[in-house]
There are 2 protein chains.
Amino acid sequence: MKPDSTTCTLDKALLPKTWYEIRADLPSPPPALLHPGTLQPLDEDALSQVFAPSLAKQELATQRDVEIPQPVRNLYAMWRPSPLVRARRLEALLDTPARIYFKAESASPTGSHKTNSGLAQAFFAKQDGISRITTETGGGQWGASLAYGGAQFGVEVDIFMVRVSYQQKPYRRGQMEVYGARCVPSPSPTTQAGKAILAQNPHHPGSLGVAVSEALELAMHSDNTRYCLGSVLNHVILHQTIIGQEALVQMELMDDYPDMVIGCAGGGSNFSGLAFPFLGKALREKKSTRFIAVEPLACPSLTRGTYGYDFGDVAGMTPLLKMHTLGATFTPPSFHAGGLRYHGMAPMTSHVYALGLIEATAVTQMASLEAGVQFARAEGIVPAPESCHAIRTAIDEALVCKREGKAKTILFNLSGHGHFDMQVYMDYLGGKLVDEPLDEAHLKEALGRLPGVGV
Amino acid sequence: MKPDSTTCTLDKALLPKTWYEIRADLPSPPPALLHPGTLQPLDEDALSQVFAPSLAKQELATQRDVEIPQPVRNLYAMWRPSPLVRARRLEALLDTPARIYFKAESASPTGSHKTNSGLAQAFFAKQDGISRITTETGGGQWGASLAYGGAQFGVEVDIFMVRVSYQQKPYRRGQMEVYGARCVPSPSPTTQAGKAILAQNPHHPGSLGVAVSEALELAMHSDNTRYCLGSVLNHVILHQTIIGQEALVQMELMDDYPDMVIGCAGGGSNFSGLAFPFLGKALREKKSTRFIAVEPLACPSLTRGTYGYDFGDVAGMTPLLKMHTLGATFTPPSFHAGGLRYHGMAPMTSHVYALGLIEATAVTQMASLEAGVQFARAEGIVPAPESCHAIRTAIDEALVCKREGKAKTILFNLSGHGHFDMQVYMDYLGGKLVDEPLDEAHLKEALGRLPGVGV
């Protein structure tokens with residue numbers, strides 16, 4: 001389909017048939033996931049104790065193209081291919097010679113890119129004969145997406161939602177319940193991990209690391225139940241590559257190609273989902289594209305963390321993952337982008353960062369919300385606070401282009417809308433927000449408690 | 001563009017170039033708007049004192065095709081043509097031979113069909129040299145849409161939001177403020193109309209009728225300011241016909257045609273916006289299509305109201321409109337579909353109802369929410385409480401098809417999503433909602449206070 005000059009909505013017939021596995025194009029493989037007791041690499045069988053077997057297999061997949069099952073493609077077709085939009089009004093506002101494009105993952109039924117993996121994980125669980133899946137959620141985008149997947153494929157869904165988000169964003173819980181899922185605030189008294197934390201502090205605000213421990217414990221102690229993760233792992237990034245797969249075709253239809261690909265990065269899946277298909281092409285065709293992961297200055301795992309083996313959760317129940325990490329016991333200061341409040345960065349994203357294939361930068365909450373309001377007024381979509389981080393950097397790069405008089409092409413991922421995050425905008429516009437600084441002593445302590453496992 | 005069998009997204013090149021004015025195809029014209037003092041029909045000049053002159057002109061337009069200005073079309077192209085979706089999963093769930101389609105107006109940047117008119121009204125105001133526009137909003141969909149329009153075209157926007165909605169849906173106010181508009185709860189102490197009502201009852205919950213009075217007063221007492229209305233008037237319905245214009249083409253591409261066209265009806269613009277282009281075709285080609293306006297049993301202007309001249313607001317500041325009305329002083333019992341809490345029905349919609357060209361039905365809040373949850377689990381989109389009314393009737397008609405073994409084609413308007421309405425779903429799922437009955441004595445009293453102006 002011939003796009004107009006502003007929005008490219010691909011013909012549904014061009015919906016990609018495969019996800020993209022970047023292992024196939026990397027100069028070296030990423031370090032293995034290790035068993036925390038034996039420190040031996042985990043194989044498919046071991047991973048299948050925790051995850052649906054099909055997902056365990058995908059976690060270790062090495063072939064470049066992984067087929068998207070037809071039932072998942074049919075559901076993707078509800079809103080995918082998602083629009084690729086040239087942000088002409090934002091360009092005009094900035095008076096920049098740069099061409100700014102964004103991929104509108106906000107168009108998904110649950111409001112973010114998370115749906116891409118939520119549907120896939122629920123499908124594979126059902127196909128593997130699993131009757132219940134458990135997960136954690138921060139801002140609620142992931143919980144809502146898996147709940148939607150569960151409703152579609154007939155799998156029960158139990159969700160542990162970080163307590164502070166559960167209180168800040170009550171309507172996300174409502175959304176999960178409309179889809180038929182159960183959602184409890186974490187830490188909860190329903191698990192040993194939750195009980196232990198509540199015993200120390202009955203008012204513990206929760207964290208993604210705690211919620212992961214609870215969801216994992218419930219899965220491992222229940223019949224025919226498996227755990228699902230919304231980011232960090234390879235199979236999640238794999239599902240998210242649908243974003244970049246589409247964008248590659250759409251940029252070609254727009255007769256343009258990005259000089260920079262930008263995404264916000266919490267666990268790493270939305271950034272990598274957009275970036276990896278472009279990175280693979282850059283590696284194969286020796287293109288010099290810049291890839292910029294944008295993280296919050298208050299939770300800067302790539303820019304301030306250590307690259308080493310760490311747990312994915314607080315209780316130390318996950319496999320050991322080699323990643324950029326602030327330490328599993330790190331709790332960031334208060335800020336509203338719940339999806340970016342994770343202590344670690346996806347092993348695959350950390351690996352390509354270590355290889356020097358991508359860049360990272362960190363921005364403040366205030367600066368990102370300023371960019372978000374500017375974007376909303378220009379382009380109409382109120383972005384999720386997470387996505388505002390990507391917008392901030394896209395605008396900054398466009399302003400560099402203006403200063404240098406260069407007409408570069410910038411592509412960023414609008415990972416979701418902010419309909420469930422209006423309180424943060426109201427606080428921001430009402431002058432009630434300040435940037436809370438990182439607690440350096442706490443970071444130092446958390447980094448000191450890494451398990452100390454070598455490569 | 002060839003659609004797949006489930007979702008039809010039109011090529012942007014096929015975005016309609018014109019809105020559709022149904023006057024051109026009706027057997028008789030609708031009764032005129034009258035000056036409340038002289039009882040004479042209002043002409044363009046008189047209407048231009050209240051509305052932007054271009055909109056006053058549209059209000060009286062008689063030609064079938066009204067050109068959509070290119071700047072408005074460019075903005076429409078952000079999300080339009082909106083998807084036409086075959087609700088296959090809902091059909092399967094109901095086990096019905098009916099084919100159910102919905103037009104996903106939920107895809108708009110502000111989340112509802114209101115954006116179609118919000119952008120248009122702000123554009124025409126700016127073109128007419130007007131620097132500020134005022135309006136009322138109930139559920140907030142309209143206020144957010146006009147705020148977005150104001151941000152796009154550089155017009156100041158002042159919004160009076162029904163107090164009970166302002167409190168129930170704080171995040172809608174946040175959305176308006178992100179777009180740069182001002183939003184105050186109504187009744188407010190900033191107008192004479194608001195002051196008078198607050199003097200009687202400082203805790204008055206507000207109503208659309210009161211908010212209209214306030215917005216109108218502010219517009220009429222300020223320089224270079226005009227009033228905008230989000231439904232009811234002809235020019236608003238005109239802008240909403242983009243929905244039906246697209247659906248006509250999309251149904252043809254789907255190789256199908258509706259036996260029934262269904263929409264929820266508050267002021268009448270989303271129902272009419274979808275229905276009128278099909279109704280015009282039915283009139284021209286003598287097709288026997290059913291058109292069903294669905295209203296809440298708690299605010300049933302078509303099914304329980306009188307067809308006569310009434311004011312559009314509580315203070316009696318608007319022109320007199322001949323419409324189905326419950327009386328301008330009628331206040332419905334508590335229910336959450338803020339967009340359906342209006343005492344009157346659009347004069348044009350009332351006119352085609354009086355001509356016997358459309359049907360009307362009324363459903364309860366509980367029954368509509370039950371349908372909404374069923375729809376969300378099947379089709380992924382959490383519908384606005386208003387839209388749930390249309391879904392209820394679509395499901396009921398599909399179940400009739402099942403009983404009768406008839407494979408009819410049902411098309412309904414999904415006028416918006418429910419992301420700002422999760423509290424009502426949480427209350428519904430938590431067993432906290434009941435249907436409050438209509439106060440018959442209050443209705444009788446309100447109907448007794450109609451101005452009593454003959455045709």
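Tutor: Gladly! Keep in mind that this is a predicted model. Let's begin where two chains meet: between chain B and chain A there are 13 residue pairs in polar contact, counting pairs with both residues at pLDDT 80 or more.

Student: How many salt bridges are there between chain B and chain A?

Tutor: The count is 0.

Student: And how do I put a size on an interface?

Tutor: The size of an interface is often given as the accessible area lost when the parts come together. Here, chain B and chain A bury about 3,800 Å² between them, and carbon and sulfur atoms give 64% of that area. B:Tyr171, B:Val178 and B:His419 supply 20% of what chain B buries against chain A, more than any other three residues. As for residues in the contact, 41 come from chain B and 42 from chain A.

Student: Which helices of chain B each supply at least two residues of the side that touches chain A?

Tutor: They are helix 6 (141-153), helix 8 (170-178), helix 15 (365-379) and helix 17 (422-429). Helix 8 gives the most, with 7 residues. On that side of chain B, 21 residues are nonpolar, 11 polar and 9 charged.

Student: What about the backbone? What should I look for there?

Tutor: Most residues other than glycine have a negative phi, and most peptide bonds are trans. Now look for departures from that pattern. A:Arg80 and A:Pro81 are joined by a cis peptide bond, with omega about -10 degrees. You will find A:Pro81 in the loop between helix 3 (70-76) and strand 4 (84-86) of chain A. Another cis bond links A:Ser186 to A:Pro187, with omega about 10 degrees.

Student: Is B:His324 buried or exposed?

Tutor: Buried means under 20% relative accessible area. B:His324 has 8%, so B:His324 counts as buried.

Definitions and conventions: Residues are numbered from 1 along each chain as its sequence is written. Chains are lettered from A and ligands numbered from 1 in the order in which they are written. This is a predicted model: local features need pLDDT of at least 70, side-chain atom pairs count only at pLDDT 80 or more; totals for chains, interfaces and linings use all residues. Side-chain values use heavy atoms; hydrogens and water are left out. Buried means under 20% relative accessible area, exposed over 50%, partly exposed in between (1.4 Å probe, protein chains only). Contact means heavy atoms within 4.5 Å. Buried area is the accessible area (1.4 Å probe) that two parts lose on being put together, summed over both. A salt bridge is a side-chain nitrogen of Lys or Arg within 4 Å of a carboxyl oxygen of Asp or Glu. A polar contact is a pair of N or O atoms within 3.5 Å; within protein, one must be able to donate a hydrogen and the other to accept it, and residues adjacent in sequence count only if both atoms are side-chain atoms. Helices (H or I, at least four residues) and strands (E, at least two) are DSSP runs, numbered from the N terminus. Ala, Val, Leu, Ile, Met, Phe, Trp, Tyr, Cys and Pro count as nonpolar, Asp, Glu, Lys and Arg as charged, and the others, Gly among them, as polar.
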